[in-house]
Amino acid sequence: MAKVGADLRGEVLLILAQLRLATPRQLKALLLPHQQDTDHVRRALRNLLEESPALVGRTHRAQQSYWHCTPAGLAEAAASGGQPTLSAGLR
């Protein structure tokens with residue numbers, strides 16, 4: 001069953017807190033490896049930015065979007081005490 005909505009946004013925040021910087025493609029590979037595209041992850045990132053702009057940031061370099069946690073995002077991830085449910089990779 002695919003992760004959606006708030007669950008995916010929370011896991012994206014936890015992963016960004018661990019990795020410090022990631023592309024949507026990298027996040028998809030870790031969280032939703034069986035998905036063909038990055039649409040779910042991109043939507044989760046956009047929703048997270050719209051709902052909680054103080055938690056994440058985005059920068060563009062070489063026609064690529066890179067996402068990161070802000071200090072407030074790192075604190076939120078640490079306070080949640082949660083661990084991301086990885087489908088592949090960092091297990």
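## Burial and overall make-up

A residue is called buried under 20% relative accessible area, exposed over 50% and partly exposed in between, with a 1.4 Å probe and protein chains only. By that rule, buried residues make up 37% of the 91 residues in the chain. The model is predicted: local features need pLDDT of at least 70, side-chain atom pairs count only at pLDDT 80 or more, and totals for chains, interfaces and linings use all residues. Residues are numbered from 1 along each chain as its sequence is written, and side-chain values use heavy atoms, with hydrogens and water left out.

The chain has four helices and two strands, in the order α-α-α-β-β-α along the sequence. Helices (H or I, at least four residues) and strands (E, at least two) are DSSP runs, numbered from the N terminus. With contact meaning heavy atoms within 4.5 Å, residues 24 or more positions apart account for 57% of the contacts in the chain with a separation of 6 or more.

## Helix 1

Helix 1 covers residues 5-19. The expected span of a helix is 1.5 Å times one less than its number of residues. For the 15 residues of helix 1 this gives 21 Å, which agrees with the 21 Å between its end C-alpha atoms. Helix 1 is followed by Arg20, whose phi is positive, near 75°.

The buried residues of helix 1 are Leu8, Arg9, Glu11, Val12, Leu13, Leu14, Ile15, Leu16 and Ala17. They pack against helix 2, helix 3 (39-51), strand 1 (56-61), strand 2 (64-69) and helix 4.

Two packed helices are described by the angle between their axes and the distance between the axes. Here the axes are lines fitted to C-alpha atoms, for helices over the stretch in contact, and angles run from 0 to 180 degrees between N-to-C directions. Angles under 35 degrees count as roughly parallel, over 145 as roughly antiparallel, 65 to 115 as roughly perpendicular and the rest as oblique. A crossing is left-handed if the near helix is turned anticlockwise from the far one by less than a right angle, and right-handed if clockwise.

The axes of helix 1 and helix 4 (residues 71-80) come within 9 Å and cross at roughly 110°, which makes helix 1 roughly perpendicular to helix 4. The crossing of helix 1 with helix 4 is left-handed. Leu13, Leu14 and Ala17 of helix 1 make the contact with Gly73, Leu74, Glu76, Ala77 and Ser80 of helix 4. By class, five residues of this contact between helix 1 and helix 4 are nonpolar, two polar and one charged. Ala, Val, Leu, Ile, Met, Phe, Trp, Tyr, Cys and Pro count as nonpolar, Asp, Glu, Lys and Arg as charged, and the others, Gly among them, as polar.

Helix 1 and helix 2 pack at about 110°, with axes 11 Å apart, and are therefore roughly perpendicular to each other. Helix 1 passes helix 2 in a right-handed crossing. On helix 1, Leu8, Glu11, Val12, Ile15, Leu16 and Leu19 meet Leu27, Leu30 and Leu31 of helix 2. The contact of helix 1 with helix 2 has eight nonpolar, no polar and one charged residues.

## Helices 2 and 3

Helix 2 and helix 3 pack at an angle of about 115°, with their axes 9 Å apart, which makes helix 2 roughly perpendicular to helix 3. Their crossing is right-handed. Pro24, Leu27 and Lys28 of helix 2 make the contact with Val41, Arg42 and Leu45 of helix 3. The classes in the contact of helix 2 with helix 3 are four nonpolar, no polar and two charged residues.

Asp39 lies in helix 3 and, at 40% relative accessibility, counts as partly exposed. The C-alpha atoms of Asp39 and Lys28, 11 residues apart along the chain, are separated by 8.9 Å.

## Loops

Thr23 is found in the loop between helix 1 and helix 2 (24-31). Thr23 counts as buried at 7% relative accessibility. Not counting residues up to four places away in sequence, Thr23 touches Gln64, Ser65 and Tyr66.

Most residues other than glycine have a negative phi. Ala62, not a glycine, has a positive phi of about 50°, and Gln63 has a positive phi near 60°. Ala62 is exposed, with a relative accessible area of 78%, and Gln63 is exposed at 87%.
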